[in-house]
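Trainee: Could we go through this one together before I set anything up?
Mentor: Gladly; bring it up and ask as we go.

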Amino acid sequence: MKTVELSIQGMTCAACSARIEKVLNKMDGVEATVNLPLETATIRVDEGITEEELIARIEKIGYGAEPKVEMAPPHDLRPLQRKVIISALLSAPLLLIMLTHIPGLGFHAPWLMNPWWQFALATPVQFWIGAQFYQGAYKSLKSGSANMDVLVATGTSAAYFYSIFEMIVHPMNPHLYFETSAVLITLVLLGKWLEGRAKEKTTDALKSLLSLQAKEAILFVDGEERSVAVELVKVGDVLVVRPGEKIPVDGRIIEGETVIDESMLTGESIPAEKTVDAEVVGGTINQSHRILMRAERVGKETMLAQIVRIVEQAQTDKAPIQRQADRISGVFVPIVVAISALTFVIWAFLLNDIDTAIRASIAVLVIACPCALGLATPTSIMVGTGRAAEQGVLFKGGGQLESLNESNIVVFDKTGTLTNGTPEVVETFGDEAMLRRAVMAERQSTHPLAAAIGREVGDGVVTKVEELAGRGVKAVVDGNKLIIGSVRMMEELGYNVPDWSMGAMTPVYVADESGIVAAFGLQDQLKSKSREVVQALSQTRDVYVLTGDRKEVAYAIADELGIPHHQVIAEVLPVEKAEQIERLKQSGRVAMVGDGMNDAPALAVADVGIAFGSGTDVALEAADVTIVGQDIEGVSRAMNMSRLTMKNIRQNLFWALAYNSLGIPVAAAGLLAPWIAGAAMAFSSVSVVLNALRLKTQGGSSS
């Protein structure tokens, strides 16, 4: 399947997005998700389905669609602002009429009571300013659904046309509702404008990420410097970066040393020292000295471009809790229309009060609009994932935010996750000549422990090496057949393991045909923040350590972290880690934290996989959440952001549902003037977006 992204025009509420989703998903080979706040559709389709077919299907039901532009400019709200101002000026005199109905206020304006004067003010508001509601209602009804436009158009039309009826039938003493229709349209448009202003801020994090991209780069060719657009930089180009300038693309320093501020991408506030051969990331800032770098990843392959893609994906993805809200929104409008009609019948024919019948039925139509319900979840996800990205935490989607918040078990891989991942040889045992030969063999391996041994003094000619995944290596050095590996490997081969006192060290044994002849003792230090992070998580979750290392080593690490021994799973091969995660899932929802390499199967099996991403591997396929860099505090930030976002979503959904549930019976009872219902409806949507925006100032390391 391929993914198609479209920009959608003409959506006004959750009923619209639900309708488009439903129509698209009825097509064979189509899986569509429509995001109301972003006004986009993300569609996975079979290769045989074209973009034009999808656009035609959307246009057939009355909405506009076009291919999505990379970070399109925000909507121009000025035309809507002009409409609000004109509508307010025309409605203001009509609003004064309402004051004449309030007992004891003493406000009189006989000139305003002229029916033709009111008609002249209300008509342009109804049919010029309010034309968009009629257009939207027509398109919605034509497609077999009903949205917010249907409610507004029906409610205001009832007030407007009944007023004309009264002017004709009772010209001397008409009951007019022109103020109701005009003020309602003005308030709804004002709410839409305020909502648009607020929604612009929900994508601030994405905009700030895009603003990190350098616009130009300085090419260094034959000793000369030449400025070019960053889009023209190719892999292999040598670039000059002066102090204070942004690193233009991802690459490696080939000359010079400097200090680079990487906080905007990793959340790490301390600048990183960089020397020759160090990786540098596009968008970060060179703070101290001029350097030469070679471009290694450009365009869409850079770390920044990958981060932007992940954040965009997360903001368009739906959490399970949102799908429930969408289902409610999809059936809400027809139910509301039925309740409004019933309200009118009861007041008009059973209670014989036509005045209250009109006001109450219109109030029901207007206050029940499900706009707030449709915005409740996606706005929180957009702001939450954006805020997390600013802290160096990348969620793949809203579902991962929800799952992480529900996890009650956190499993940490040890090496490279809790520890620095750079073990060092702290002691050696046995035959020194064999140790030096083993060093030469280990230099051929990619395993972290082998790399540590390979840094020791070696001697000998290696003629053959065979790597045994997760166990060790077989090699021929100076004609000697050697086996270098873990205690488990030696026991499997039937060797007697010497009783050398290893303590908390990780042993790597060296054996020849006669048996074990030497060993290296290695240790890997805990990251400085590991204990703090584990202790914080332990307050609300069960924390486990999962490692292929010996139990003695794992227990020593657990003791330092304050993790009980029964929550340590040691001496497991990489392929067995996934089985251990499956076992733990029987006790709850599991979040697995790993380095993203040999932990990939376990990350994929866990309810939520959290991986650390390096500059070369940001978008780790197996992980649901990626921590940019190696900062373990990112795990706490991810947990905290998921908790705050889900709390924010629940607040939004509660108030949106409570508002509709309480507002409808109050309006049906005739206790709510239509214009007050309109104001409440307009500002409920704004309040939901503003509540979501609070997440921009929240987050941190607390779990």
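Predicted model: local features only at pLDDT ≥ 70, side-chain atom pairs only at ≥ 80, totals over all residues.

Trainee: At what angle do α4 and α7 pack, and how far apart are their axes?

Mentor: Helix α4, which covers residues 115-129, and helix α7, which covers residues 178-200, pack at an angle of about 35 degrees, and their axes are 9 Å apart.

Trainee: And which residues of α4 and α7 meet there?

Mentor: On the α4 side they are P115, Q118, F119, A122, V125, Q126 and I129, and these meet F178, E179, S181, A182, I185 and L189 in α7.

Trainee: Where does UniProt place the transmembrane regions?

Mentor: The UniProt record, an unreviewed entry, places that feature at residues 84-104, 116-134, 146-164, 176-194, 328-350, 356-377 and 652-669.

Trainee: How much helix is there in 116-134 and in 146-164?

Mentor: Residues 116-134 are 95% helix and 0% strand, with the end C-alpha atoms 24 Å apart, while residues 146-164 are 89% helix and 0% strand, with the end C-alpha atoms 26 Å apart.

Trainee: Switching to α24, what is its reach, and what would be expected?

Mentor: Helix α24 runs over residues 674-693, which is 20 residues, and reaches 29 Å from its first C-alpha to its last, close to the 28 Å expected at 1.5 Å a residue.

Trainee: Is α24 mostly covered or mostly open?

Mentor: Mostly covered, since 14 of the 20 residues in α24 are buried.

Trainee: OK, sheets now: what is the strand order in the one with β9?

Mentor: That is an open sheet of three strands in the order β10-β9-β12, with antiparallel pairing. The edge strands are β10 (272-274) and β12 (285-286), each of which pairs on one side only.

Trainee: How many bridges link β9 and β10?

Mentor: Three bridges, in the antiparallel sense, with β9 covering residues 258-261; within this pairing, V259 stands opposite E273 in β10.

Trainee: Last one, T428: why does it count as partly exposed?

Mentor: T428, which lies in strand β16 (residues 424-430), counts as partly exposed because its relative accessibility is 42%, and that category lies between the cut-offs of under 20% for buried and over 50% for exposed.

Trainee: And what does T428 touch beyond its sequence neighbours?

Mentor: Not counting residues up to four places away in sequence, T428 touches L435, A519 and F520. T428 and G521 are also 5.9 Å apart in space, C-alpha to C-alpha, although 93 residues apart in sequence.

Definitions and conventions. Residues numbered from 1 in each chain as written. Heavy atoms only, no water. UniProt positions renumbered as here; feature names shortened; annotations may be inferred. Helix = DSSP H or I, 4+ residues; strand = E, 2+ residues; numbered from the N terminus. Expected span 1.5 Å × (residues − 1). Buried < 20%, exposed > 50% of the residue type's maximum accessible area, 1.4 Å probe, protein only. Pairing = 2+ DSSP bridges. Axes fitted to C-alpha atoms, helices over the stretch in contact; angles between N-to-C directions. Contact = heavy atoms within 4.5 Å.
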